[in-house]
Amino acid sequence: MKTRAQNRRERKAKQISSQEKGAKQTSGSVKQRRRVSTSSPWRRWGWILSLLVVVVIVVVVVLLIQSQSGDIAGIVTYSNLSRNHKETPMTYAQIPPVGGDHSASWQTCGIYSSPVPNEHAVHSLEHGAVWITYQPTLDGQSVEQLRSLVRGHDHALLSPYPGLPSPVVISAWGLQLRVTSASDSRLARFISKYEQGPQTPEPGAACSGGVGTPDVQ
């Protein structure tokens, strides 16, 4: 039989073992809570950073698409333009006109130092020409810049235009852009995109051999 002393020692040993087990469980739960509390902010920041990366990628893709599409700010478009041949003076809604009824003869493309008839220039637009017009009071340096833009292009017209609403206006069939300076980079982009561009009613038609004799370029 166990003595009282042995019984006390066993009870004490059981009590110590129970306390140690409880302490281990408490320590484990504290560590787990620490892991959760330390990892939660990192998880939140991780989601935020991932979202920012996605937003940046979307913005870059949109900008790339816009740059590749060649969008030119400020262009005004006109639709449902008639294309009949008439040999009477026409009245046009736009200054200068971007389309509509016109003469059966087109204006020979090139550089002119005097105004050209609307009715002939509109026919050139129908053939895919780009028509740059400028106020007659525009300074010589700016005019020379415009001449440089037109040189080497077989479907481009340049002429002064009295009563122009802007220092320089560039037009194609159904399209028009007003600018205040001959150095505006949109002019070159307009020529590149719309000379014989997708808006052309008669693609492949000539812009030479019409009426008028361009200046020596």
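This report covers the fold, nonpolar cores, aromatic pairs and salt bridges of a predicted model.

## Basis

The model is predicted, so local features need pLDDT of at least 70 and side-chain atom pairs count only at pLDDT 80 or more, while totals for chains, interfaces and linings use all residues. Residues are numbered from 1 along each chain as its sequence is written, and side-chain values use heavy atoms, with hydrogens and water left out.

## Overall architecture

The protein has four helices and six strands. Helices (H or I, at least four residues) and strands (E, at least two) are DSSP runs, numbered from the N terminus. Their order from the N terminus is α-β-β-α-β-α-β-β-β-α.

Of the 217 residues, 35% count as buried; buried means under 20% relative accessible area, exposed over 50%, and partly exposed in between (1.4 Å probe, protein chains only). The accessible surface comes to about 13,300 Å², and carbon and sulfur atoms hold 57% of that surface. Accessible areas come from the Shrake-Rupley method with a 1.4 Å probe, and for residues only the protein chains shown count as cover. Contacts (heavy atoms within 4.5 Å) between residues at least 6 apart in sequence join residues at least 24 apart in 70% of cases.

## Nonpolar cores

A nonpolar core is a set of buried Ala, Val, Leu, Ile, Met, Phe, Trp, Tyr and Cys residues joined through side-chain atoms within 4.5 Å. The largest core has 24 residues, and the members that touch the most others are Ile132, Leu146, Val168, Ile170, Phe190 and Tyr194. At least two residues of this core come from each of strand 3, helix 3 (140-150), strand 4, strand 5, strand 6 (175-179) and helix 4. A second, separate core of 16 residues includes Met90, Ala129, Leu157 and Val169.

With neighbours within four places in sequence set aside, Ile132 is in contact with Leu146, Val150, Leu157, Leu158, Ser159, Val168, Val169, Ile170 and Ile191.

## Aromatic pairs

A pair of aromatic rings is described by the distance of the centres and the angle of the planes. Rings of Phe, Tyr and Trp (its six-membered ring) pair if their centres lie within 6.5 Å; planes under 30 degrees apart count as stacked, over 60 as edge-to-face and the rest as tilted. Two such pairs are found in a search of the whole structure. Trp131 and Tyr161 form an edge-to-face pair, because their ring centres are 5.9 Å apart and their planes stand at 65 degrees. Trp131 belongs to strand 3 (residues 130-134) and Tyr161 to the loop between strand 4 (156-160) and strand 5 (168-172), so the pair ties together parts 30 residues apart in sequence. Trp131 is buried at 0% relative accessibility, and Tyr161 is buried at 11%.

The rings of Phe190 and Tyr194 are tilted, with centres 4.9 Å apart and planes at 55 degrees. Both residues lie in helix 4 (residues 185-194), four residues apart, about one turn of the helix. Phe190 is buried, with a relative accessible area of 0%, and Tyr194 is buried at 10%.

## Salt bridges

Side chains of opposite charge can pair when their charged atoms come close. A salt bridge is a side-chain nitrogen of Lys or Arg within 4 Å of a carboxyl oxygen of Asp or Glu, and the structure holds six. Glu126 and Arg83 meet in a salt bridge at 2.8 Å, N to O. This pair links distant parts of the chain, 43 residues apart: Glu126 is in helix 2 (residues 118-126) and Arg83 in the loop between strand 1 (76-77) and strand 2 (110-111). Glu126 is buried at 1% relative accessibility, whereas Arg83 is partly exposed at 38%. Arg83, Glu126 and Glu202 are linked in a network of salt bridges.

Arg147 forms a salt bridge with Asp215, with the closest N and O atoms 3.6 Å apart. Arg147 lies in helix 3 and Asp215 in the segment after helix 4, so the pair ties together parts 68 residues apart in sequence. Arg147 is buried at 16% relative accessible area, and Asp215 is partly exposed at 24%.

## Surroundings of Arg151

Arg151 is in the loop between helix 3 and strand 4 and is partly exposed, with a relative accessible area of 29%. The side chain of Arg151 meets that of Glu144 in a salt bridge (2.8 Å, N to O), and Glu144 is partly exposed at 36% relative accessibility. Arg151 and Ile111 are 40 residues apart in sequence and 8.0 Å apart in space, C-alpha to C-alpha.
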